[in-house]
Amino acid sequence: MNLRPEVEIEKSWHKILKDYFETESFKDLTAFVQAEYSGNISGKKVYPEPENIFKALTLTPFDEVKVVILGQDPYHGDGQAMGLSFSVPEEVRNPPSLRNIFKELEVELGEKSEAEVKFNGDLSCWAKQGVLLLNSVLTVETGKPGSHSKKGWEDFTDQVIKKISEEKEGVVFILWGNYAKQKLNLIDADKHLVLMSPHPSPFSAHTGFFGSDHFIKANQWLESKGKKKIEW
């Protein structure tokens with residue numbers, strides 16, 4: 001595997017992140033990820049598939065970002081991770097957190113989500129509308145959640161968040177759970193909308209995620225800024 005961001009990441013992001021790609025930090029991260037994926041030959045499995053590592057940045061160009069939904073790291077079960085936070089391929093059973101996201105959406109909208117009806121758990125349709133579904137860590141070893149944390153991915157995705165905050169106006173940042181809330185210091189809340197609640201996990205969804213109305217509030221904000229709302 002050869003990790004080549006200049007090829008694999010949509011060109012508007014490469015322009016924004018060009019200086020970071022030249023840092024020693026990113027070079028070290030690249031070496032680590034390539035070594036982990038080369039382990040597939042000996043039986044170690046890493047997710048998502050290599051071509052999907054940067055899928056969030058591929059489907060949502062920098063210029064089109066309207067909403068950012070932050071996750072932690074990819075799903076670590078077989079076939080689940082697809083490069084978008086909280087999303088799974090259409091043929092894969094929806095994980096508990098995603099099922100709770102769809103429950104909240106159904107209450108807010110009064111009907112099922114377009115994504116759930118048409119694509120089951122594949123949220124690519126959101127990404128194509130300007131919803132950046134960004135995990136803080138973009139790769140994981142099978143069955144080992146957090147296995148690729150503190151290897152350099154956080155530095156990279158923090159740069160993504162900071163660039164959005166600094167160079168764009170009126171973006172909605174959705175932070176679910178304590179991990180995502182740690183990114184608050186990267187966001188200028190004076191010019192962006194920040195929505196926070198407990199995580200949609202079954203362990204915490206009933207403590208404030210349900211009833212948060214984040215999807216409605218996001219669309220109200222976008223429309224107030226003259227932007228097209230998201231068809232959730």
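1. Strand β6, residues 193-197, is mostly covered, with 4 of its 5 residues buried. Please keep in mind that this is a predicted model.

2. The partner of β6 is strand β5, residues 172-176; the two run parallel and are joined by 5 bridges. Two pairs of residues show how they line up. Val172 has Leu193 of β6 as its bridge partner, and Ile174 stands opposite Leu195 in β6.

3. How many of the residues of β5 are buried? In β5, 5 of 5 residues are buried, so the strand counts as mostly covered. The cover is on both faces: Val172, Ile174 and Trp176 are buried on one side, and Phe173 and Leu175 are buried on the other. Val172 and Ile174, already named as facing Leu193 and Leu195, therefore belong to one face of β5.

4. β5 also pairs with strand β2, residues 67-71, through 4 bridges, and these two strands run parallel as well. Here Leu70 stands opposite Leu175 in β5. As a general point, the strands of a sheet pair through backbone hydrogen bonds, either parallel or antiparallel.

5. Taken together, 4 strands make an open sheet in the order β3-β2-β5-β6, with parallel pairing. β3 (131-135) and β6 are at the edges, and each has a single partner strand, so one side of each has no neighbour in the sheet. On average, neighbouring strands in this sheet are turned by 20 degrees against each other, direction ignored.

6. A helix is placed against this sheet. Helix α10, residues 214-224, lies across β2, β5 and β6. Relative to β6, α10 runs at about 175 degrees. Angles over 145 degrees count as roughly antiparallel, so α10 and β6 fall in that class.

7. The next points concern helix packing. Two packed helices are described by the angle between their axes and the distance between the axes. For helix α3 (residues 24-38) and helix α8 (residues 153-167), the axes come within 9 Å and cross at roughly 125 degrees. The two helices are therefore oblique to each other. The crossing of α3 past α8 is left-handed. On the α3 side the contact is made by Ser25, Phe26, Leu29 and Val33, and on the α8 side by Trp153, Asp155 and Phe156. By class, this contact of α3 with α8 has 5 nonpolar, 1 polar and 1 charged residues.

8. α8 also meets helix α2, residues 11-21: their axes come within 11 Å and cross at roughly 130 degrees. α2 and α8 are therefore oblique to each other. Which hand does the crossing of α2 and α8 have? The crossing is right-handed, whereas that of α3 and α8 is left-handed.

9. The residues of the contact between α2 and α8 can be listed. From α2 come Trp13, Ile16, Leu17, Tyr20 and Phe21. From α8 come Asp155, Phe156, Gln159, Val160, Lys163, Ile164 and Glu167. By class, the contact of α2 with α8 has 8 nonpolar, 1 polar and 3 charged residues. Asp155 and Phe156 of α8 take part here and also in the contact with α3.

How values were computed:
Residues are numbered from 1 along each chain as its sequence is written. This is a predicted model: local features need pLDDT of at least 70, side-chain atom pairs count only at pLDDT 80 or more; totals for chains, interfaces and linings use all residues. Side-chain values use heavy atoms; hydrogens and water are left out. Buried means under 20% relative accessible area, exposed over 50%, partly exposed in between (1.4 Å probe, protein chains only). Two strands pair if DSSP finds at least two bridges between them. Axes are lines fitted to C-alpha atoms, for helices over the stretch in contact, and angles run from 0 to 180 degrees between N-to-C directions. Angles under 35 degrees count as roughly parallel, over 145 as roughly antiparallel, 65 to 115 as roughly perpendicular and the rest as oblique. A crossing is left-handed if the near helix is turned anticlockwise from the far one by less than a right angle, and right-handed if clockwise. Contact means heavy atoms within 4.5 Å. Ala, Val, Leu, Ile, Met, Phe, Trp, Tyr, Cys and Pro count as nonpolar, Asp, Glu, Lys and Arg as charged, and the others, Gly among them, as polar.
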